[in-house]
Amino acid sequence: GLKGPRAMVRDSRRNLLVSLPSDGKVVALIDNNLDGKAEEIKTVIGALKNPHGLAFNCSDESNDKFPCKLYVAQENQVKVYDYDDKNLQALNGEKLADLPSGGFHITRSLLLKDDILYIAIGSSCNVCHEKDSRRASILAIDLKTKQVRPFAKGLRNSVFMTINPADGKIWATDMGRDLLGDDLPPDEINILEEGKNYGWPICYGQNIHDTEFDKNTYFRNPCQAPFETPARIDIPAHSAPLGLAFVPKEGWPQNMQGDLLVAY
């Protein structure tokens, strides 16, 4: 009975929190008898603008009452809350960053790694040169200093990110542009590295030049490295890749361990 559920995270008591962008709220799905099905849905926080990305940080041992922080990415901002895990409430919201809103893509995804909060922001258009450099990029917030910096760019719409447990690197899906036919361009899976440009709007896939959009042929191939970074994996055009997760070592067949699951 949920309306458009998107991001999912577990709190410190193993309750599943889910963002509902169209309802403007984050809810907790409560499984009291531990049978794998939620018997109760409780609103953790409401009155939000298209909330999407969620992340928990439970490292604040100095705060006995609220040791866990809940981060919520709305279309226009990222806020951090004290999380009351007994009453399932997000309290005392503090804005960490303003985000550009409107346009094609309104989801804002989060990933927390080593006291850095990564934010994925999609493009405002199908294909264009953005006026706001925060669009089609990944931003990074240092949670100790609250400083916001660009991390990676040229990512049209990386809706979800995850960490590879083997080496700690960040992987992300990315949706390619439309109106090049049924077979182009490939959608992508990328390994995100700081300072790298992943090509959009003038390059896609394995550093292929989008000459339909970019008519500049002064360079023989403006998409060559080191200027652009090719996709780690090309997948069929218009697959619309979203969530991704690495298969853990325990509880799965041995031949699948370390493999990557991707939801289209």
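## Aromatic pairs

Y118 is buried, since its relative accessibility is 8%; buried means under 20% relative accessible area, exposed over 50% and partly exposed in between, with a 1.4 Å probe and protein chains only. F151 is buried too, at 7%. The model is predicted: local features need pLDDT of at least 70, side-chain atom pairs count only at pLDDT 80 or more, and totals for chains, interfaces and linings use all residues. Residues are numbered from 1 along each chain as its sequence is written, and side-chain values use heavy atoms, without hydrogens and water.

The whole structure holds 3 aromatic pairs. Rings of Phe, Tyr and Trp (its six-membered ring) pair if their centres lie within 6.5 Å; planes under 30 degrees apart are stacked, over 60 edge-to-face, the rest tilted. One of the pairs joins Y118 and F151, edge-to-face, at 4.9 Å centre to centre and 70 degrees between the planes. Y118 sits in strand β10 (residues 116-121) and F151 in strand β12 (residues 148-153), so the pair ties together parts 33 residues apart in sequence. Strands (E, at least two residues) are DSSP runs, numbered from the N terminus.

W171 and F246 also pair edge-to-face, at 5.2 Å and 90 degrees. W171 belongs to strand β14 (residues 170-174) and F246 to strand β19 (residues 244-246), so this pair links parts 75 residues apart in sequence. Both residues, W171 and F246, are buried.

## Largest pocket

The largest pocket has a volume of about 710 Å³. A pocket is an open set of points on a 1 Å grid over the protein atoms alone, where a 1.4 Å probe fits, with protein on both sides within 12 Å along at least five of seven lines; lining residues have an atom within 4 Å of a point. Points are joined across faces, edges and corners, and the volume is the space filled by probe spheres set on them.

Of its 20 lining residues, M8, V9, M161, T162 and L244 are the closest to the centre. β1 (8-10), β5 (54-57), β9 (108-113), β13 (161-163) and β19 each supply at least two lining residues. β9 gives the most, with 4. The lining divides into 14 nonpolar, 5 polar and 1 charged. Ala, Val, Leu, Ile, Met, Phe, Trp, Tyr, Cys and Pro count as nonpolar, Asp, Glu, Lys and Arg as charged, and the others, Gly among them, as polar.

## Second largest pocket

The second largest pocket has a volume of about 370 Å³. It is lined by 22 residues, and S133, R135, A136, K153 and G154 are the closest to its centre. β11 (137-142) and β12 give two or more residues each. β12 gives the most, with 4. By class, the lining has 9 nonpolar, 7 polar and 6 charged residues.
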